[in-house]
Amino acid sequence: MGGIEDDEPLSKRVKVLSGESVGLSNGLSLNEGSFSLRDSMARLLSSQGDNEAIGSKGVIKKVELVRIITEALYSLGYSETGARLEEESGIPLHTPVVDMFMRQTLEGQWDKSVSMLHKIGLDEAVIKSASFIILEQKFLELLEGEKVMDALKTLRTEIIPLSINDERVRVLSSYIIYPLKNLFDVSHGKESIFRSRKKLLEELQKLLPPTVMIPEERLVHLVEQAVLLQKDACKFHNSSVGKLSLLADHKCGGGDIPSQTLQILEEHNDEVWFLQFSHNGKYLASSSGDCLVIIWEVMADGQVSLKHKLSGHQKPVSYISWSPDNNQLLTCGVEEAIRRWDTASGECLHTYEKRGLGLVSCTWAPDGKSIFSGVSDKSISMWDLEGKELKCWRGQKTTMIADIGMTADGKELVTVSKETVILLFGWETESEKTIVEDHPIISFALSEDKKFLLVSLLNGELHVWNIDGCTRLVAKYKGHKRTRFVVRSCFGGLEQAFIASGSEDSQVYIWHRLSKELILTLAGHTAAVNCVSWNPANPYMLASASDDRTIRIWGLNQVNMNCSRGQNSHNNNNNGVNYCNGGGGT
């Protein structure tokens, strides 16, 4: 048959997709001449109780539930218990014919295994695909056993006539001329071959219908899916530690959402317009109508302290962008110049200017080796770090709105090109895609993974667009107040499960991203809140900037913070990240 010859079968049990023991799923002892497919299927159907449904909703079939429980027991290594469940319930994990097929595959009885596929009741396309990967294994094992002529015969008379996967056939053909060494790690002998055949069974499992072979760890997958759905539906879930359990339905209180003012930063002498945490969450940069930019450092205990005051702009600074490695910072004055700063020293490394024109926005290329800027004549420029303009794209590419960003693949710039139009501009190919809103656009922010765009509109709504591939509107949020000023919003929290926004009524608004429900309003500022930024490394830290000339650092209430610090006292470099298993909040 072309398989590896052994004194005894490689396996005496067939439950091998996750464990080391193998065998017939229902404990029957079979040989090719002693079983009738019709009789065995009749016994199976009679034991299934005509697809009896269980559960309060009547949507779970008893037979299917018992089968996936049995598979789970075998996967977890409880082979005797799995076999006992099959015996007691009368519901086998697999039919006898499938058991025979699995055993033949594990023992390298390739011809019988391929023949058995026709008895399982599969459509022709599945039979062809399954036959191909079985015969490929046969071919490779023959080559490994240095039976080159037998391998060539298998290729010519069995694999090629299937007329599928021509590219893979060419690869297999090349192995005849240029043999691969140690296909199955011969140093481990039969054990290595056995592992390879187990992988083959896993591949076959993906091809065959789930009614024939239960997908591996199906019960674990279903339970995990249920838990994650509960987590996603929980409008306050913001903790990665100690929250999810199988023993009770999941529900959080509000105690893990930053809702208490922990610090008020008062170093600016005018309205604070913009702020943004660095990608690693260790720094916060803020800008103001006083023309100053301040770099703040987030200490290990969560306190935020002043690191540098950056002066040099002649006009108020409207936009800030951190370099990909967090070591540098771009700042842009209102129709003025862009300055590049060193985070560690606070030194201005370069100033970018364009004669007769003002620069209105700035962002980094993904590799950190060049920058892009919006220009007051509505063009976009690309610069190297030393200030040489590498490229300029003219036309209606941007407006006076300071926001600019880059998509996840680094191939498209995101700008506001007209009052109601977002432009996704392919800066390498000069391709253009647009998102058209019904109301004027005030500002936008990208998600951390750069796949979603959060747009703030003149009518007071926030829209989230998926820009990964085909653009589409996925969510709308409303409730905050915006009539006159530029108000900025952001994604944030654990897995960016929340939307936060400033508001002209001096409050910070927080929505649950999936349910779109407004869950919190944070009071404390005494004037319009212009901008918010959620620490990407700490889901419990949120910053807000206001016309009252202050920055507020929001965190957990004191009870949760004490609990968190107690759990993390061993970690002195946690960037202010506090974890707590506690729940309730208001």
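**Cysteines and a helix pair in a predicted model**

Cys-392 is partly exposed, with a relative accessible area of 21%. That value lies just outside the buried class, because buried means under 20% relative accessible area. The structure discussed here is a predicted model. Cys-362, by contrast, is buried, and its relative accessible area is 0%.

The cysteines raise the matter of disulfides. A disulfide is a covalent bond between the sulfur atoms of two cysteines. A search of the whole structure finds 0 disulfides. Cys-362 is accordingly in no disulfide, and the nearest cysteine sulfur, which belongs to Cys-332, is 5.0 Å away. To count as a disulfide, the two sulfur atoms would have to be within 2.5 Å.

The protein chain as a whole comes next. It has 586 residues, and buried residues make up 52% of them. Its secondary structure consists of 11 helices and 30 strands. Among contacts in the chain with a separation of 6 or more, 50% are between residues 24 or more positions apart.

One of the helices, H3, can be followed in detail. Helix H3 covers residues 79-89, and within it Ser-79, Gly-82 and Glu-86 are buried. Viewed down the axis of H3, these buried residues fall within an arc of 65 degrees, so they line one face of the helix. The other side of H3 carries exposed residues, namely Glu-80, Arg-84, Glu-87 and Glu-88. After H3 comes Gly-90, which has a positive phi, near 75 degrees.

What lies over the buried residues of H3? The cover includes helix H2, which spans residues 62-75. On the H2 side, the residues that meet H3 are Val-66, Ile-69, Thr-70, Leu-73 and Tyr-74. Their partners in H3 are Ser-79, Thr-81, Gly-82, Ala-83, Leu-85, Glu-86 and Ser-89.

The arrangement of the pair remains to be described. Two packed helices are described by the angle between their axes and the distance between the axes. For H2 and H3, the axes come within 7 Å and cross at roughly 160 degrees. Angles over 145 degrees count as roughly antiparallel, and H2 and H3 are therefore roughly antiparallel to each other. The crossing of the two helices, H2 and H3, is left-handed.

Methods
Residues numbered from 1 in each chain as written. Predicted model: local features only at pLDDT ≥ 70, side-chain atom pairs only at ≥ 80, totals over all residues. Heavy atoms only, no water. Buried < 20%, exposed > 50% of the residue type's maximum accessible area, 1.4 Å probe, protein only. Helix = DSSP H or I, 4+ residues; strand = E, 2+ residues; numbered from the N terminus. Arc of directions from axis to C-beta. Contact = heavy atoms within 4.5 Å. Axes fitted to C-alpha atoms, helices over the stretch in contact; angles between N-to-C directions. Parallel < 35°, antiparallel > 145°, perpendicular 65-115°, else oblique. Left-handed = near helix turned anticlockwise from the far one by under 90°.
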